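Student: Please pick one part of this model and go through it closely. I would like a single connected account, with the cut-offs stated.

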Amino acid sequence: MLSKLIRYEWKAVARVCIPMYGGLILAAMLTHFLLGNLERFSSTLYDIITMAMSTLCFGLFMAAFVLTLIIQIQRFSKNLLGDEGYLMFTLPASVSQHITAKLVVAVLLDVLSVAAAILAVLALALDGTMWLDLPGDFFDMIVYVDWSDWLLLLEVLILCLAAGAVCMLHIYASIAVGHLARKHRTLAAFGAYFGFAVALNILFTGLLEIFVSSPWMAEIGRWFMEQEGDVGGHLLMWVLILGIAVLGAGFFALTRYLLKNHLNLE
C-alpha cells in the first residue's frame, strides 16, 4: 500500500513541479544565449528581452524553492487534515504509511529542486565547449579522487537527505499540533513550529555546553581527532547522521500519535 500512496502523491505534485523545474533550466539556457549575444544583437528591444528573461530566470529560481515548500506543506495539511482527509483515512493504509509517503515525495522534490537549480546555474555559467569538457572532467574526478573522499561525499549526501527529512517532519509535527486548536490553526501551527525551534536550540546549546565543559566529553573529542587517517571524520559524520535520525524519529512519532489519536477533521 505504501508504494501506491507514493505513486499517488508523486502524480499529484509532478504535474506542477516538473514543468516548473524544466522551465527554470530552459529559462537559464535562454538567458545564457541572450547574454552571450548581447553585443552582437545590441538594440533596445534586445536589451529589454534580455532583461525580462533574466528577471524571469531569477523568479523561477525563487519559485523552485518557495513553491516547492508550499506544495509540500499543502499536500500534508490539505490531503490529510483537510476535506480530503475523510477519503485518505478510509484507505487500507496506516497513519505511518500516510506520513512516510508524504515524506518520501517531499524529500524527492527537495532533491529535484536542488538538481534543477544546479543545472540552471551550469547553464548560465558554461558555454558549449565547457559542456563538452564536463564528461572528461567527471571521468578524471572518478579515477583520481581517493575512495575516502567519495565516502565522505556519500556521508554528506546522506546527512543532507536526513536533514531535509527532519525539516519536513518538523513542519508535519507543527501542523499536527496546530490542528489541535479549535480556531486559528495556521497561527497555532506557526507557534508550534517556532516553539519546537526554540526548544531544540536550548537543547543543542545545553549539549554544547556539556561537551565543552565536561572532561570526559573532551576525551571523546580527542579520541575522534586521534583516529588514523579520516576514520575520526567518518565516525563523526555518522554520529551526526544518527543524531538527526533520532530527532526525525521523535517528530515522526509525535505526528503519528496526534494523527492517530487526536485527529479532528471538523
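**The largest cavity and its surroundings**

Tutor: The lining of the largest cavity consists of 7 nonpolar, 1 polar and 3 charged residues (nonpolar: Ala, Val, Leu, Ile, Met, Phe, Trp, Tyr, Cys and Pro; charged: Asp, Glu, Lys and Arg; polar: the others, Gly among them). The model is predicted, with pLDDT of at least 70 required for local features and 80 or more for side-chain atom pairs, while totals for chains, interfaces and linings use all residues. Numbering starts from 1 along each chain as its sequence is written, and side-chain values rest on heavy atoms, without hydrogens or water.

The lining is made up of E9, V13, I71, Q72, R75, F76, K102, V105, A106, L109 and Y172. The structure has 3 cavities of 30 Å³ or more. At least two lining residues come from each of α1 (2-36), α2 and α4. The chain as a whole has 9 helices and 0 strands (DSSP runs numbered from the N terminus, H or I of at least four residues for helices, E of at least two for strands).

Two of the lining residues, F76 and Y172, also belong to an aromatic pair. There are 3 aromatic pairs in total (Phe, Tyr or Trp rings, the six-membered one for Trp, with centres within 6.5 Å; planes under 30 degrees apart are stacked, over 60 edge-to-face, the rest tilted). The F76 and Y172 ring centres lie 4.2 Å apart with 10° between the planes, so this pair is stacked. It connects distant parts of the chain, with F76 in α2 (residues 44-81) and Y172 in α6 (residues 147-178), 96 residues apart. F76 is buried at 0% relative accessible area, and Y172 is buried at 1% (buried is under 20%, exposed over 50%, partly exposed in between, with a 1.4 Å probe and protein chains only). Another pair, Y193 and F194, is edge-to-face, at 5.6 Å between centres and 90° between planes. Y193 is partly exposed at 31%, whereas F194 is exposed at 51%.

F76 and Y172 are also among the residues of the largest nonpolar core that touch the most other members, together with I99, L103, L169 and L259; this core has 24 residues (buried Ala, Val, Leu, Ile, Met, Phe, Trp, Tyr and Cys joined through side-chain atoms within 4.5 Å). Helices α2, α4 (95-125), α6 and α9 (231-261) each contribute at least two residues to this core, with α6 giving the most, 8 residues. Leaving out residues up to four places away in sequence, L169 touches I99, L103, G248, F251, F252 and T255 (contact: heavy atoms within 4.5 Å). A second, separate core of 21 residues includes L24, A27, C57 and A120. Over the whole chain of 266 residues, 32% are buried. Of the contacts between residues at least 6 apart in sequence, 76% join residues at least 24 apart.

Notes: 1 Å grid on protein atoms, 1.4 Å probe; cavity = no way out; pocket = protein on both sides within 12 Å on 5 of 7 lines; lining within 4 Å. Points joined across faces, edges and corners; volume = space filled by probe spheres on them.
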